[in-house]
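Here is a set of questions and answers on one predicted model. Keep the coordinates open while reading.

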Amino acid sequence: METRKVQVTGGSTYTVSLPKSWATDNQVSAGTTVEFYPEDDSLLLTPQSDVDRQEGTLDVSSLEDDRLTRAVMTMYVSGFDLIRLEANRITTDQRRAIRSATQSLVGVEVLEETTDSVVIQDLLDSSELSIVNAVTRMRLISSSMLEDATTALVENDDDIARDVIERDDDVDRLWLVVSRIFRATLRSPRAAEELGVPREDCFDYHSSARQLERVADHAVKISQLALKLGEIPEEVADALVALREDAFDVLEKSLDALFADDSDEANRLGHAARERILEIDEHTRTIDDMLRELEPMQAQSLGLIVDSLSRSADYGGNIAETALQKAAPSP
């Protein structure tokens, strides 16, 4: 840390000198324009950049299949708008993995292909991205997935179960969008200003989106088990539907608390959601007692479904905790 004294020039202008080492490292010299971003009682300063889109290059010679797909997704989340993938020769399998990655990302398309490189570009204007809208969309999809997965189970409907599994890709794409936006706000004060959301709030939305992504994963797990199970006892089916409704109620209260503008309302909803989890724990134990009367293999599968519904409620409780922290007074 270095300190500087503020001086007054011309009777009305406050000035302060910049550390030379910082200026040198960031190519700041006489005539360079810098940008200031007020943030509560802090003032962030950064050199003005003429680069609107970030470009990155990755050597993929040793990468294949899932490793290559994950590498492309990582470059996307890290904030690169133009990603150049290079190798002595891009194989057919590598091209297939790259196409799989682009299909898993929002607004990304292959721009150019040669024998030794593939260039993909994010075509989505950053001004069109909204972390609030992305999380809201994740909320709608993951909640409906959880509801439909339970319906597929109790109604023994394989078509609904398969539809839930397919919708998980939509949640995953939105999760990557949220992660990309969040990392951009950490990296650049300009990104946070353009977004219009405080960086602390971006952290809260990012952590809540992670919980929703897990809820969607459990909806997929329930659907996969539903495809293997046949009809289940009516008493158990009714109990699972009730448990699903309890978990849904926790998620709704938690997310309403997260998006609430009024801190009192956020606290009321957040605490109500947390208290509901205790009731769900009791409900879960009641269903577990029912399962002891069933055939072992069926009981085991249904036990995994009970666990997924219970965990979904716990993820809602995590969102409620985040909402309560977001509503708390700032120091």
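Q: In what order do the four strands of the open sheet run?
A: The sheet is open and its pairing is mixed. Neighbouring strands are turned against each other by 20° on average, direction ignored. The order is 5-6-8-7.

Q: Which strands are the edge strands of this sheet?
A: An edge strand pairs on one side only. That holds for residues 55–59 and for residues 108–113. These are strand 5 and strand 7.

Q: Which residue of strand 8 is the bridge partner of valine 108?
A: Strand 7 spans 108–113, and strand 8 spans residues 117–122. Valine 108 has its bridge partner in strand 8. The partner is aspartate 122.

Q: What is the handedness of the crossing of helix 4 and helix 7, left-handed or right-handed?
A: Two packed helices are described by the angle between their axes and the distance between the axes. Handedness is a further property of the crossing. Helix 4 passes helix 7 in a crossing that is left-handed.

Q: How many residues of the contact of helix 4 with helix 7 are nonpolar?
A: Helix 4 contributes residues including Val135, Met138, Arg139 and Leu146. From helix 7 come, among them, Tyr205, Leu212, Glu213 and Val220. Three residues of the contact are polar and two are charged, while the nonpolar ones number 19.

Q: Are the rings of phenylalanine 182 and phenylalanine 203 stacked, edge-to-face or tilted?
A: Phenylalanine 182 sits in helix 5 and phenylalanine 203 in helix 7, 21 residues apart. Their ring centres are 6.1 Å apart and their planes stand at 50°. Stacked needs under 30 degrees and edge-to-face over 60, so the pair is tilted.

Terms used
Residues numbered from 1 in each chain as written. Predicted model: local features only at pLDDT ≥ 70, side-chain atom pairs only at ≥ 80, totals over all residues. Heavy atoms only, no water. Left-handed = near helix turned anticlockwise from the far one by under 90°. Helix = DSSP H or I, 4+ residues; strand = E, 2+ residues; numbered from the N terminus. Contact = heavy atoms within 4.5 Å. Nonpolar A, V, L, I, M, F, W, Y, C, P; charged D, E, K, R; others polar. Pairing = 2+ DSSP bridges. Axes fitted to C-alpha atoms, helices over the stretch in contact; angles between N-to-C directions. Phe/Tyr/Trp six-rings, centres within 6.5 Å; stacked < 30°, edge-to-face > 60°.
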